[in-house]
Amino acid sequence: MNDDELWKKRFRKFLAIRLVGLATFLAGIAVAFTDFVQPGGQKLVGGLLAVMGALDAVIAPRVLKRGWEKQDK
């Protein structure tokens, strides 16, 4: 695998992780503030999902990057 293919593959993984985090965050907002799960929303579950999604979108790519840096050495 050449360098361009490797970086394209890594970029796709990086982007997918961020998008999953964003989707989880938005799902948490939807659960908290809409009648998606129950009438009036379920604030606790929605808040937990939103926090998990935000952390996933911010922290997981950094962990992935550290792993790639170790792999490249």
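Because the model is predicted, local features are taken at pLDDT of at least 70 and side-chain atom pairs at pLDDT 80 or more, whereas totals for chains, interfaces and linings use all residues. Residues are numbered from 1 along each chain as its sequence is written, and side-chain values use heavy atoms, with hydrogens and water left out.

Met 1 belongs to the segment before α1. With a relative accessibility of 68%, Met 1 counts as exposed, a word that stands for over 50% relative accessible area, while buried means under 20% and partly exposed lies in between (1.4 Å probe, protein chains only). When its neighbours within four places in sequence are left aside, Met 1 is in contact with Leu 6 and Lys 9, contact being heavy atoms within 4.5 Å.

The buried residues of α1 are Arg 10, Gly 21, Gly 28, Val 31 and Ala 32, and what they pack against is helix α2, residues 43–72. Arg 10 has a relative accessible area of 5%, which is why it counts as buried. Beyond its neighbours within four places in sequence, Arg 10 is in contact with Trp 68, Gln 71 and Asp 72. Arg 10 also lies over the face of Trp 7, at 5.0 Å from the ring centre; a charge is said to sit over a ring if NZ of Lys or CZ of Arg is within 6 Å of the ring centre and within 35 degrees of the ring normal.

Side chains of opposite charge can pair when their charged atoms come close. The structure holds 2 salt bridges, each defined as a side-chain nitrogen of Lys or Arg within 4 Å of a carboxyl oxygen of Asp or Glu. In one of them Asp 72 is paired with Arg 10, and the closest N and O atoms are 2.9 Å apart. This pair links distant parts of the chain, since Asp 72 is in helix α2 and Arg 10 in helix α1, 62 residues apart. Asp 72, at 46% relative accessibility, counts as partly exposed, whereas Arg 10 is buried.

Another salt bridge joins the side chains of Glu 69 and Lys 65, at 3.4 Å from N to O. Both of these residues lie in helix α2, 4 residues apart, which is about one turn of the helix. Glu 69 is partly exposed with a relative accessible area of 39%, and Lys 65 is partly exposed too, at 48%.

Between the two helices, the loop that joins α1 and α2 contains Val 37. Val 37 is partly exposed, its relative accessible area being 47%, and, not counting residues up to four places away in sequence, Val 37 touches Val 31 and Gln 42.
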